[in-house]
Amino acid sequence: MGPSDVLRRIAFLLERAHAPTYRVRAFRNAGDALDAAGAAEVERLAAAGELRSLPGIGDTTERIVIEALAGQVPAYLQTLEGEAADPVATGGEEMRALLRGDCHSHSDWSDGGSPIDEMAVAARALGHEYLVLTDHSARLTVAHGLSRDRLLRQLDVVAELADELAPFRLLTGMEVDILEDGTLDADLDVLARLDVVVASVHSKLRMDADAMTRRMVAAIASPHVDILGHCTGRLIEGRGRKESAFDADVVFAACAHTGTAVEINCRPERLDPPRRLLRQAIEWGCTFSIDTDAHAPGQLEWQPYGCARAVECGVDSDRVVNTWPVDTLLEWAAAHAA
Ligand SMILES: [Zn+2]
Ligand SMILES: [Zn+2]
């Protein structure tokens, strides 16, 4: 591994271990700086003790580069690899082995930390057959959500990557906001063009239960929506956030009726839906999608969190849409689009 590959591997492993994005970004930026300088210049600077003249190279990264240039596995990387030898969660190994892809991910086009191609390459390296790119819609301005024009441009970018990534498939999608009245925050003609659409509530999470139920059911009933994202909106780390209140029987009955999958969101701070609601959704005969909602490449490794919960609660793998062959998944998603 060359020094810049080592720095990217470190970034990946830090993300996997829940490190904050700013800390991870320093390693990726340092890797980019090495690539921009070129191998010969990096060797020259290292020999002259001047690596820190490159942007983003500090004490830690300098030491890593010197060790990598000497043909050693840098100590920093060794420690992380040792920690990564253990799975992030246990109990869902068989389910995880059946997953062929991930239906919820973000790039730096919205609030993700990495370019589209890096997300796709990381998903491919995990053994996935496909990744659905689901950046946020425009209303989520804090997440730099995509306007119609930007989404259309993104479709071109994804199409251009297809040959390079084949046979891996980068599928088009969006995590579209469910607005207060249950309508979707995107033009329906564009949503109809996407392979897979996740719809999520991100605003007014505290509205009263009747209104929230109607709001969610309206979105579920849309022919464009394939997956209901992180249904309660709860956060279970840091200051946390309570679950939204809604009539889960009505919501899950609607999902079962329309064939909209209930997402099992794998982010450790979400783990949404909670177990009792997951069991309720199983009772209603819902389908599920076990997705990482990754905002960085290393987070694509978080599926075991959701798999463990799915198995614990008794989800049948046949009901999990991302265990299906990609063409079956696409047919299912297209059957929703009017
Ligand atoms: Zn979301
Ligand atoms: Zn998301």
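This is a predicted model: local features need pLDDT of at least 70, side-chain atom pairs count only at pLDDT 80 or more; totals for chains, interfaces and linings use all residues.
Buried means under 20% relative accessible area, exposed over 50%, and partly exposed in between (1.4 Å probe, protein chains only).

Let's look at L170: beyond its neighbours within four places in sequence, L170 is in contact (heavy atoms within 4.5 Å) with I116, A120, L131, L133, V158, L161 and L165.

## The zinc site

The zinc ion (ligand 1) has E175 (OE), H202 (NE2) and H230 (NE2) as its protein donors, at 2.1 to 2.2 Å. Along the chain, these donors follow the spacing E-x26-H-x27-H. Donors are N, O and S atoms within 2.8 Å of the metal (3.2 Å for Na, K and Ca); water is not among the atoms, so sites may look incomplete.

E175 lies in strand β3 (residues 169–177) and H230 in the loop between β5 (227–228) and α11 (248–258), so the pair links distant parts of the chain, 55 residues apart. E175 counts as buried at 1% relative accessibility, and H230 is buried too, at 2%.

## Around S107

S107 is found in the loop between β1 (101–102) and α7 (116–125). Its relative accessible area is 0%, so S107 is buried. Setting aside neighbours within four places in sequence, S107 is in contact with G112, S114, P115, I116, L133, D135 and Q154.

## The chain as a whole

The chain has 14 helices and 7 strands; these are DSSP runs numbered from the N terminus, helices being H or I with at least four residues and strands E with at least two. Buried residues make up 54% of the 338 residues. Of the contacts between residues at least 6 apart in sequence, 75% join residues at least 24 apart.

## How to read the numbers

Residues are numbered from 1 along each chain as its sequence is written, while chains are lettered from A and ligands numbered from 1 in the order in which they are written. Local features need pLDDT of at least 70 and side-chain atom pairs count only at pLDDT 80 or more, whereas totals for chains, interfaces and linings use all residues; side-chain values use heavy atoms, leaving out hydrogens and water.
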